[in-house]
Amino acid sequence: MSTEEASDAGKLLASEASFDALVVRLQATALEPGFQLQRQLALSLALRAYQSYGKGFHLNPLPEEFALAELYLYADYYPDDGQLSLIEQVRDTITTHVPEEERVWLDPLRHSYMDLLEITSINADDGEDGLTVRSLGSGREYRSAARELSRVCRPGQVLLTRLIRLPDRAIIPNAAIILSASIGRSMYDSTNEWRRAMEAESGSFELGEWEEFAKRFGYVLLWQFAQARFAALIRTDASISYRTAAGQPFLYAVALYDHHEFLFLADGLDQLEGLQAEQSARSASKHLNSDGRRDAPRQTAQNIRTWMQYGNSTDEATPGLVARVTLTPTQLIVECESR
């Protein structure tokens, strides 16, 4: 993901006040003690990629990802402990008055789903129909006001958001993530591969309709976005070159391995192409003990072996150090200029 794409990701959108009020009510219901466990299960499912890889990458979900995960909880998630869904709990409550202007959103929200929407045109001055989008999954076009969004995006970009369909228009709720066309298409293709694999495993093709699939498994789109962020971070990290004050590569990546085969590893590293031994092996010679076995050398300054690998540097005439391998009787230490 480019710097421009990263800065575009996650623009907050304005929404109608009555819809916002309903979302606040659903959130309060989800935070009640009896529903806390189900809330945790739903959010853990939607944001599972960060639980699996986020700590290693020091990467957390965007606020918009968390907002979309919460909308999945409100509109798509059915508790596995027999409780009603959140929308059903709000709809059927008799202890709290729910204004009619909020109730009218319950059914559209219940039938909404997460989607990838390509922006086909923007008409910021076109009244309530300022934005036209096309679903990458179904190919259907929708018009939406989304005036705030029309100021920060452009045709060709793709929105990862929730689509709420009304008879005369579509509503994009309070959060969306803006993607480039290429990333949006890549996420759609990856999601389709996941869908085909699941259908092949189950032997059922009941998810042929995009709307049905997105309603049940829209959280997979959040997984794909998280993986796109991880991939962008890896590519960025690989392109960074660290240098010492003298201009030589800085060996910042270190791996440490325990072993019990000093002589075997020393022989192998001596023969490995690209490595140059920096110390003699006189103290690590293959001594035999009384029963014919080789003695593993004790860890002293004389039997610590080092190999270097050289490559390009800022000065083309002088190869720079790019890796160092250090072998002791009990440990193998690998240092290099990148992961």
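Student: Which residues line the largest cavity?
Tutor: The model is predicted, so local features need pLDDT of at least 70, side-chain atom pairs count only at pLDDT 80 or more, and totals for chains, interfaces and linings use all residues. Residues are numbered from 1 along each chain as its sequence is written, and side-chain values use heavy atoms, without hydrogens and water. A cavity is a set of points on a 1 Å grid over the protein atoms alone where a 1.4 Å probe fits but cannot get out, and lining residues have an atom within 4 Å of a point. The largest cavity is lined by Tyr74, Ala75, Tyr78, Ser85, Ile87 and Arg110.

Student: How many helices and strands does the protein chain have?
Tutor: Helices (H or I, at least four residues) and strands (E, at least two) are DSSP runs, numbered from the N terminus. The tally for the protein chain is 13 helices and 11 strands.

Student: Are the residues on both sides of strand 6 buried or exposed?
Tutor: Buried means under 20% relative accessible area, exposed over 50%, and partly exposed in between (1.4 Å probe, protein chains only). In strand 6 (residues 176–179), Ala176 and Ile178 are on one side, and Ile177 and Leu179 are on the other. Both faces are covered, and these residues are all buried.

Student: Which residue in strand 6 does Leu159 stand opposite?
Tutor: Strand 4 (residues 158–165) pairs with strand 6 over four bridges, in the antiparallel sense. Opposite Leu159 stands Ile178.

Student: Which residues does Met187 touch, not counting residues up to four places away in sequence?
Tutor: Met187 sits in helix 10 (residues 181–202). Met187 counts as buried because its relative accessibility is 3%. Contact means heavy atoms within 4.5 Å. Leaving out residues up to four places away in sequence, Met187 touches Leu116, Leu160, Leu179, Leu221, Gln224 and Phe225.

Student: How far apart in space are Leu41 and Leu73, C-alpha to C-alpha?
Tutor: Leu41 belongs to helix 3 (residues 36–46). With a relative accessible area of 37%, Leu41 is partly exposed. In sequence, Leu41 and Leu73 are 32 residues apart; in space, C-alpha to C-alpha, the gap is 9.3 Å.

Student: Which residue takes a positive phi in the hairpin of strand 2 and strand 3?
Tutor: Strand 2 (residues 131–135) is mostly covered, with four of its five residues buried. Strand 2 pairs with strand 3 (residues 141–144) in the antiparallel sense, over four bridges, and Thr132 stands opposite Arg143. The hairpin has five residues between the strands, and the positive phi, near 80°, belongs to Gly139.

Student: What percentage of the 339 residues of the protein chain count as buried?
Tutor: Met187, at 3% relative accessibility, is one buried case. For the 339 residues of the protein chain, the buried share is 44%.

Notes: Two strands pair if DSSP finds at least two bridges between them. On a 1 Å grid over the protein atoms alone, a cavity is a set of points where a 1.4 Å probe fits but cannot get out, and a pocket is an open set with protein on both sides within 12 Å along at least five of seven lines; lining residues have an atom within 4 Å of a point.
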